[in-house]
Amino acid sequence: MADAVTITVNGAPVTVPAGATVAAAVALAGIHTFRRSVSGEPRAPLCGMGICFECCVTIDGREHVRSCQTSCAEGMEVRTDA
Amino acid sequence: MTDRAFDILVIGAGPAGLAAACRAAESGAKTAVMDENPRPGGQIWRASAGRLPVAAQPWVVTVGKQGVEWIPAARVFAAPAPGRLAIENAEGEFSLTYRSLILATGARERFLPFPGWTLPNVMGAGGLQALVKSGLPIGGKKIIVAGTGPLLLAVAQYLRSRRADVRLIAEQAPRRALARFAAGLPRHPEKLMQTAQFAWSLFGVKFLTGCWPVAAAGEGKLESVTLRRGGRTWTESCDYLACGFGLIPTTELAALLGCRIGTAGVEVDELQRSSVEDVYAAGEITGIGGVDLAVAEGEIAGFAAAGQPDRARRLFHARAAHRRFAAAMTRAFALREELKTLAHPETLICRCEDVPLGRIHACSGWRDAKLHTRCGMGPCQGRVCGGALEFLLGWKAESVRPPLLPVKVASLIGTEPGEEAS
């Protein structure tokens, strides 16, 4: 098993330790806004345990995926709200 | 995954769930333990960089050795029939049936809103710890830890061990309440040791009692936090605010099953039986009480569910001691009234639907608020705003309906009564 995994976040490659979550990868990519709220506010993870839904991003085309509860897999394509 | 049947099904693989599954399986029952996370441990025993905390390891090893079925990354979303739960995982939907069910669904943090709390990098205390354990880089970052409870010390200690610059710990409880609590510690020697260990590892970090955040500010993300202590208000710059005001039991599944829920949590008898036949509850969901109490309750529930009440009874004395400690903790870290003024009328309470306090204040209760403002109608189903509104306005959570969390339409269709799962 590889020690590191490489995914893309908004098109740019990010390498993380194996087992790291997508939320960690997005932070490593220097991105602070994970999603925009209904009134356009920037939002990022709050609870870290899958109940607040603030960490939702689009993974491999699937929207509203909680990044704090998703482990990175090689080649994953992650998109955050602008 | 196909539908499966078990003698004993444990929901939640934190301390209570792991202890329950071990004791149930040791007694010969066909046991499964399920968790929404890919790895066992729950919150307090969450693995960091692939390694479980030392306290968790013997339980996880025993669970493996006893042949307990481990069902990871799966969530219960409905209870379509007695003895049956509807579950969703990445592959889809399936059912599990049981003779006895042990609920060990743990707790979540209570968030109290204040201006700026929705900024990126304002997180729960346990929330930031969970994210760092999952790979969030924190070395060299300035952190303020705030809110209430022993969790703040554990989080500060952990973040420091990951080379974060923990600037200060702001505990809302007044000093005299903590002094009273500390005076009672010698009655619980392991807790006294733990406290001494915290003091040692947090040497040099400012620990302020009677102190709480009143605002967070920044452009697009957190840049500074304003704190209050007595008559003094000041602002400190920081990269992350780890802020949680205590813990709330995760009782939604228990409520869905019809278990009686009291003010502290799910009501249980001395053998951890709920008011619903064949349904047990253990750990934080019966009342916030810490890891030692959770393990004791889990063991009792596991023995009891497996038909070994005598082995369960041998743990009553230890459980009583842990409950005394838990009661002292609850008294010491009670939320002070001033915290009810942190949220202003324009402060968002519901983050899913962006509803400010002012609009909610105009409503007569939960139903009114849901209908008129959509507060509580978003994906979190009131789990974040509910804790705040219970403290701010005394609003109690209403009856729970399935699905317990947002699920795929395909999963809902799969559980229509009388229909074959496709």
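Biologist: Which residue stands opposite L168(B) in β11(B)?
Modeller: This is a predicted model, in which local features need pLDDT of at least 70 and side-chain atom pairs count only at pLDDT 80 or more, whereas totals for chains, interfaces and linings use all residues. Residues are numbered from 1 along each chain as its sequence is written, while chains are lettered from A and ligands numbered from 1 in the order in which they are written. Strands (E, at least two residues) and helices (H or I, at least four residues) are DSSP runs, numbered from the N terminus. In β11(B), the residue that stands opposite L168(B) is K206(B).

Biologist: Which residue of β11(B) is the bridge partner of I169(B), and how many bridges join β10(B) to β11(B)?
Modeller: Strand β11 of chain B covers residues 206-208 and runs parallel to β10(B); two strands are said to pair if DSSP finds at least two bridges between them. I169(B) has F207(B) as its bridge partner in β11(B). The number of bridges that join β10(B) to β11(B) is three.

Biologist: In what order do the five strands of the open sheet in chain B lie, and which are the edge strands?
Modeller: The five strands pair in the parallel sense, in the order β8-β15-β9-β10-β11 of chain B. Each edge strand pairs on one side only, and the edge strands of chain B are β8 (122-123) and β11.

Biologist: What angle does α3(B) make with β15(B), and what angle does α4(B) make with β10(B)?
Modeller: Helix α3 (residues 125-133) of chain B packs on the sheet, touching β8, β9 and β15 (240-245) of chain B, and its direction makes about 130 degrees with that of β15(B). Contact means that C-beta atoms, placed from the backbone, lie within 7 Å, and the angles run from 0 to 180 degrees between N-to-C directions of axes, which are lines fitted to C-alpha atoms, for helices over the stretch in contact. Helix α4(B) also packs on the sheet, touching β9, β10 and β15 of chain B, and its angle with β10(B) is about 175 degrees.

Biologist: What is the mean twist between strands in the sheet β12-β13-β14 of chain B?
Modeller: The pairing in this open sheet of three strands is antiparallel, and its edge strands are β12 (211-217) and β14 (232-237) of chain B. From one strand to the next, the twist averages 25 degrees.

Biologist: Which residue in the turn between β12(B) and β13(B) has a positive phi, and which one in the turn between β13(B) and β14(B)?
Modeller: Strand β13 (residues 224-229) of chain B pairs with β12(B) in the antiparallel sense over six bridges, and A216(B) stands opposite V225(B), which in turn stands opposite E236(B) in β14(B). The hairpin of β12(B) and β13(B) has six residues between the strands, and the turn residue with a positive phi, of about 160 degrees, is G218(B). The hairpin of β13(B) and β14(B) has two residues between the strands, and the turn residue with a positive phi, of about 60 degrees, is G230(B).

Biologist: Is G61(A) buried or exposed?
Modeller: G61(A) lies in the loop between β5 (56-59) and β6 (62-66) of chain A, and D60(A), in the hairpin of these strands, takes a positive phi near 50 degrees. A residue is buried if 20 or more other C-beta atoms, placed from the backbone, lie within 10 Å of its own, exposed if 12 or fewer do, and partly exposed in between. Because 7 other C-beta atoms lie within 10 Å, G61(A) is exposed.

Biologist: Which element gives the most to the side of chain A that touches chain B?
Modeller: The contact takes 31 residues from chain A and 31 residues from chain B. On the side of chain A, the elements that give two or more residues are β2 (12-17), α1 (22-28) and β4 (42-43) of chain A. With four residues, the element that gives the most is α1(A).

Technical notes: Contact = placed C-beta atoms within 7 Å.
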